[in-house]
Each structure stands twice: as C-alpha cells, then as structure tokens.
Amino acid sequence: MTREEFKAKFGIISRSKEVNDIVDIAMQVAKSDISVLLYGESGVGKEVFAKAIHGYSNRADKPLISVNCGAIPEGILESELFGHKKGSFTGAVESRKGYFELADGGTLFLDEIAETPLTTQVKLLRAIENKEFMRIGSETVTKVDVRIIAATNKDLQKEVAAKKFREDLYFRLKAVTLHIPPLRERKIDIEPLTLHFINNYCQNNNIPVPKLSNEALEILINYNWPGNIRELKNTVESVLALNTDKILTDKHFQHLIIKNDEQETARNLPIFTRKLPEDVDREIIYRALFELKKDILEIKEILLKREDYEFNEKNKIVPDDDVLDIEELERNAIIKALEKTHWNKRKAAKLLNISERTLYRKIKDYDIRIW
Ligand SMILES: Nc1ncnc2c1ncn2[C@@H]1O[C@H](COP(=O)(O)OP(=O)(O)OP(=O)(O)O)[C@@H](O)[C@H]1O
Ligand SMILES: [Mg+2]
C-alpha cells in the first residue's frame with residue numbers, strides 16, 4: 001500500500017511533511033506488535049492514527065478496544081480493564097471480562113493514559129509486560145495477546161518528574177512515540193482539510209458544494225486553532241449548516257478573527273509563576289480586564305450583526321477600535337489598582353509594575369480623579 005492509499009483508507013488528510021512523516025512511521029510500525037505512544041494536543045488526530053495503525057496491522061480483523069482512562073471513575077477503572085469475578089465486590093453479580101480480554105488478539109487503545117491512577121499503573125505495566133493478569137477477585141491468571149497503543153496530551157516526562165506517572169510504564173509505552181503537531185504549526189494542512197470537511201458535509205447532507213473564497217481561506221489559515229482539527233471540522237460544519245450561500249467568504253468566518261484577538265490578548269497577559277500576594281491581586285485585575293475586553297468584543301459583534309442598528313448621534317455607541325480598547329483597559333487597570341490600594345499611589349504603582357512617576361503622568365493623562 002502506498003502512503004496515499006493508506007491515507008485514503010483511513011481518512012487522513014495531510015499535505016505537510018510533518019504529518020506525512022508520521023504516516024510513514026505509522027505504516028512501518030503498524031505490522032509489528034511494538035507499543036506506540038501518540039502524543040499531541042486535543043483534536044490533532046490521535047484517535048485517527050490509533051485506528052489507522054490497528055487497521056493496517058495483522059490484527060485488523062480482531063477488535064480495537066478504546067479505553068478513556070480519564071473518563072472512567074478511579075474506583076472502577078481496574079475492574080473495567082481487567083474484569084472481575086462474580087461476588088468479588090458488592091454489585092459484582094456476574095463475572096465480567098475486562099477490556100484486556102475483550103481486546104485479545106487485537107489492540108487496546110489507552111486514551112488519556114496520563115490520567116491513570118498510580119496504583120492502576122502498576123497493574124497495567126505488569127499486564128503489558130507479562131501478557132497476563134488476574135481478574136479482580138480471581139486467583140487464576142488470564143493470558144492475553146494485546147497490542148498497546150496509548151495517547152496523551154500531557155508531557156509524560158514532566159508527569160514522571162512530578163511523580164504522577166511511573167517511569168517504568170512510561171518507558172514501556174514510548175517504544176515508538178508519534179508526536180502529532182498542532183494545526184497552527186502545519187498551516188499548509190488547513191486548506192486540504194477544510195475542502196475535505198466541506199465536501200464530506202455536503203455529500204452527507206445532499207447539498208451543493210459551495211466554493212471557498214481566498215479571503216475566507218486566509219482567515220482560516222491565520223486563525224490559531226487551539227482545538228486543532230476537531231475545531232476546524234466543527235467550524236466548517238456549523239458555517240455550512242447556517243448558510244446556503246454558493247461561496248463561503250470572509251464574512252462567514254468573521255467570528256474567528258474576534259476569537260483570535262481574544263486568545264492573543266490572553267497570551268499577551270503576563271504569566272506569573274511566583275504567586276506573591278500582589279501578584280495574585282495583579283492577576284485578578286488582569287483577568288477582570290480580559291473579561292472586560294471579551295465583553296467589549298462580544299458587544300461589538302452583536303452591534304455589528306444587528307441589522308436594525310440605527311446610528312444615534314446623541315447616544316452614540318461607536319464600536320471602538322483596538323487602540324481605544326487598550327487605552328480603556330489601561331485606564332480601568334489603574335483605577336482598579338488605585339481602589340485596591342485605597343489611592344496609595346506608591347502601592348498602586350508597584351501593583352501595576354510601573355514607576356510612580358509614570359502612574360502620576362497616566363492619572364493626569366486619563367483624567368482619573370477620586371470620586
Ligand atoms: N489528518 C486528519 N485528516 C482528517 N481528519 C482528521 C485528521 N486528524 C483528525 N481528524 C478529525 O478531527 C477530529 C479529531 O480527531 P481525533 O479524535 O483523532 O483527535 P484526538 O487527538 O484524539 O483528540 P482528543 O485528545 O481530544 O481525544 C476527528 O473528527 C477526526 O476525524
Ligand atoms: Mg481522542
């Protein structure tokens with residue numbers, strides 16, 4: 001099978017070298033029983049790759065069992081994984097097979113592996129290494145033949161350093177690690193993915209396929225996609241569900257510009273690692289400001305959308321441009337800091353991380369007065 005055939009078979013769309021390289025490795029390792037660790041942010045396609053690796057392996061006709069280690073309550077995770085014997089605990093009215101047994105001969109996909117409690121990690125490692133385990137409440141061992149694929153969006157090495165993840169299990173799982181990069185780091189995949197999602201949606205819903213304008217594509221390419229491919233798919237689908245236009249233009253994706261702006265603001269806010277009391281205060285102020293900015297942007301969006309929005313000279317509400325927003329934010333930050341420090345300008349300046357002299361100037365410039 002060629003790379004392109006593999007991608008077509010498993011619904012993988014990619015133009016970037018980064019993802020094409022991952023596809024090549026996935027194809028190579030699929031046929032062996034080696035453990036694979038899929039690492040990447042939410043929505044990058046970890047599950048897509050887990051399915052493709054299983055589907056291309058010699059185990060393809062046996063089950064692929066997915067376990068979300070983060071979604072199953074701690075108390076029952078072990079019995080879900082390893083099964084239990086009748087009467088082993090209250091409520092165990094029947095003996096039950098666990099996921100390991102259900103996946104026998106096939107693949108066990110351990111999703112969100114970093115969320116597994118430490119005690120379960122010990123048993124997991126033993127089961128993987130020895131290919132055998134005991135059902136809860138049973139004294140006999142059960143042998144299984146499973147291939148393990150694990151996925152996480154956390155840096156497992158950091159989890160190991162923080163003693164939240166066992167090092168031995170980490171080494172066992174990461175035999176082959178595939179790091180799927182976020183969409184913003186492989187922007188050339190955005191166009192083919194978007195077209196793919198448009199075509200799929202239209203085909204499934206029996207509607208004509210609209211064209212995608214260059215301006216619209218530009219917005220999609222410039223957006224940051226924190227939710228990665230899942231977010232792109234949802235965005236495309238909701239636009240298609242809400243519009244029947246023959247061409248998708250920049251107007252259909254305006255909301256992404258506003259969202260990007262918000263994220264930008266959040267990113268530009270200082271990050272405090274040392275939490276001194278005044279840092280906490282400052283953080284609260286910044287957060288309040290960020291919320292305020294969000295509100296302003298939302299109001300702006302509503303105003304722009306309102307068709308019957310009449311321009312009232314007397315009660316003029318002009319959607320500010322961003323420069324004005326920032327001045328407004330700064331003015332508010334200063335007022336908040338002054339209030340917080342009961343108008344002690346030295347303390348307020350310290351809180352704002354500016355010199356007292358600058359604070360005096362800004363109080364004058366912004367015409368801030370005690371009221
Ligand atoms: N390369 C790709 N080509 C086409 N569709 C993709 C690709 N990667 C992901 N998708 C689609 O994006 C969505 C999210 O993918 P997936 O569920 O595999 O992400 P994930 O990494 O497992 O996310 P999470 O960490 O949130 O579980 C799915 O609808 C999937 O079909
Ligand atoms: Mg997933």
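In the predicted model, Lys345, Arg346, Ala348, Ala349 and Leu352 of α15 meet Glu356, Leu359 and Tyr360 of α16, where two residues are taken to be in contact if their C-beta atoms, placed from the backbone, lie within 7 Å, and where helices (H or I, at least four residues) and strands (E, at least two) are DSSP runs numbered from the N terminus. By class, this contact of α15 with α16 has 5 nonpolar, no polar and 3 charged residues, with Ala, Val, Leu, Ile, Met, Phe, Trp, Tyr, Cys and Pro counted as nonpolar, Asp, Glu, Lys and Arg as charged, and the others, Gly among them, as polar. The axes of α15 (residues 345-352) and α16 (residues 356-365) come within 9 Å and cross at roughly 100 degrees; axes are lines fitted to C-alpha atoms, for helices over the stretch in contact, and angles run from 0 to 180 degrees between N-to-C directions. The helices α15 and α16 are therefore roughly perpendicular to each other (angles under 35 degrees count as roughly parallel, over 145 as roughly antiparallel, 65 to 115 as roughly perpendicular and the rest as oblique). Residues are numbered from 1 along each chain as its sequence is written, and chains are lettered from A and ligands numbered from 1 in the order in which they are written. Because the model is predicted, local features need pLDDT of at least 70 and side-chain atom pairs count only at pLDDT 80 or more, whereas totals for chains, interfaces and linings use all residues.

For α1 (residues 3-10) and α2, the axes come within 10 Å and cross at roughly 90 degrees, and the two helices are therefore roughly perpendicular to each other. Their contact is made by Arg3, Phe6 and Lys7 of α1 together with Asn20, Val23, Asp24 and Met27 of α2, and it divides into 3 nonpolar, 1 polar and 3 charged residues.

Helix α2 (residues 17-30) also packs with α3, at an angle of about 40 degrees and with the axes 8 Å apart, so that α2 and α3 are oblique to each other. Ala26, Val29 and Ala30 of α2 and Phe49, Ala52 and Ile53 of α3 make the contact, which by class has 6 nonpolar, no polar and no charged residues.

Ligand 1 is surrounded by 17 residues, of which the closest are Ile13, Ser42, Gly45, Lys46 and Glu47 (a residue is near a molecule or strand if its C-beta atom, placed from the backbone, lies within 6 Å of it). At least two residues of this shell are supplied by each of α3 (46-55) and α11 (228-242).
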